[in-house]
Amino acid sequence: SGIQSHLDSQGRLSGYTQSFTGGATAVVTYDVTNATAFSVDLVYYDSQSRIDIWDQNYDDGSRVVIDYDQANASGLSSSLVYYDTQSRLDRWDQNYDDGSRVVIDYDAANASSLANELLYFDTQARIDLWDRNYDDGSRILVDFDQDNTQSWNQHVLTYITQGALIGDVFI
């Protein structure tokens with residue numbers, strides 16, 4: 001275990017590598033010349049030199065954190081979390097081992113009446129479910145027949161603020 005500093009040609013700290021007991025390492029890179037869109041890039045490697053977590057902090061204050069299941073310990077292959085310039089959760093993207101995916105997009109800045117939107121993709125990247133949740137508590141849920149096994153293409157459910165179902169339509 002130990003820390004190795006990295007200096008640029010002008011002697012500025014441009015990053016460091018930290019080794020941990022057990023073989024894991026962390027590599028931190030600073031954009032001291034302001035040549036890229038990121039200000040700090042952190043990459044954590046497991047004891048087998050596989051990327052475990054990649055954390056990029058951008059000049060505008062936004063951030064993306066990618067967590068890989070490099071050990072294949074769960075059904076999740078990776079999770080990407082996006083934060084806006086004020087460190088608010090903006091988007092969460094989960095990728096599963098079977099190829100399916102869930103994306104949750106938040107209205108972090110409260111710029112619209114939409115609170116969040118969830119998209120569920122099947123193993124062939126087709127939209128399976130679309131769930132829109134609004135600030136007032138109302139909701140629209142659309143179930144797609146992406147594999148063409150139903151007599152309908154879309155099943156649309158509409159809920160009002162109190163959660164009561166007011167629409168149940170098959171298209």
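**Figure 1. Arg139 and its partner Asp131.** Arg139 is partly exposed, with a relative accessibility of 28%. This is a predicted model. The side chain of Arg139 meets that of Asp131 in a salt bridge. The N to O distance is 2.8 Å. Asp131 counts as buried, at 6% relative accessibility. Strand E11 covers residues 127-134.

**Figure 2. The whole chain is built from strands.** The protein has 14 strands and 0 helices. Along the sequence, the pattern reads β-β-β-β-β-β-β-β-β-β-β-β-β-β. The C-alpha atoms fill a box of roughly 65 × 35 × 25 Å along the principal axes. The radius of gyration is 21 Å, whereas a compact globule of 171 residues would have one near 16 Å. Contacts are counted here at a separation of 6 or more, and 5% of them join residues 24 or more positions apart. Of the 171 residues, 32% count as buried. The accessible surface comes to about 10100 Å². Carbon and sulfur atoms hold 50% of that surface.

Figure 3. E2 spans residues 13-19 and E3 spans residues 25-30. These two strands run antiparallel, joined by 5 bridges. Gln18 stands opposite Ala26 of E3. E2 and E3 form a hairpin, with 5 residues between them. In its turn, Gly22 has a positive phi of about 105°. E3 also pairs with E4, residues 38-45. Here 6 bridges join the strands, which again run antiparallel. Val28 has Leu42 in E4 as its bridge partner.

Figure 4. E10 covers residues 114-121. The strand is mostly covered, with 6 of its 8 residues buried. E9, residues 101-106, joins E10 through 6 bridges. The two run antiparallel. Ile104 has Leu118 in E10 as its bridge partner. E10 also pairs with E11, residues 127-134, in the antiparallel sense. That pairing holds 7 bridges. Glu117 stands opposite Arg132 of E11. In a regular strand, side chains alternate between the two faces of the sheet.

**Figure 5. The E10 and E11 hairpin, with Ala125, Asp122 and Arg126.** The hairpin of E10 and E11 has 5 residues between the strands. Ala125 takes a positive phi near 65°. Arg126 forms a salt bridge with Asp122. Their closest N and O atoms are 2.8 Å apart. Asp122 is buried, with a relative accessible area of 10%. Arg126 is partly exposed, at 28%.

Figure 6. The structure holds 9 salt bridges. One of them joins the side chains of Asp8 and Arg12, at 2.8 Å from N to O. Asp8 has a relative accessible area of 19%, so this residue falls under the 20% cut-off and counts as buried. Arg12 is partly exposed, with a relative accessible area of 33%. Elsewhere, salt bridges link Arg91, Asp93 and Arg101 in a network. Arg101 lies in E9, which spans residues 101-106.

Figure 7. Gln56 lies in E5, which covers residues 51-58. Is Gln56 buried or exposed? Gln56 counts as buried, because its relative accessibility of 18% is under the 20% cut-off. The side chain of Gln56 makes a polar contact with that of Tyr58, at 2.6 Å. Leaving out residues up to four places away in sequence, Gln56 touches Phe38, Val40, Asp41, Ser62, Arg63 and Val64. Among these, Phe38, Val40 and Asp41 fall within E4, residues 38-45.

Note on methods:
Residues numbered from 1 in each chain as written. Predicted model: local features only at pLDDT ≥ 70, side-chain atom pairs only at ≥ 80, totals over all residues. Heavy atoms only, no water. Pairing = 2+ DSSP bridges. Helix = DSSP H or I, 4+ residues; strand = E, 2+ residues; numbered from the N terminus. Buried < 20%, exposed > 50% of the residue type's maximum accessible area, 1.4 Å probe, protein only. Salt bridge = Lys/Arg side-chain N within 4 Å of Asp/Glu carboxyl O. Rg over C-alpha atoms; globule rule 2.2 N^0.38 Å. Contact = heavy atoms within 4.5 Å. Areas by Shrake-Rupley, 256 points an atom, 1.4 Å probe, with all protein chains shown as cover. Polar contact = N/O pair within 3.5 Å; in protein donor to acceptor, adjacent residues only side chain to side chain.
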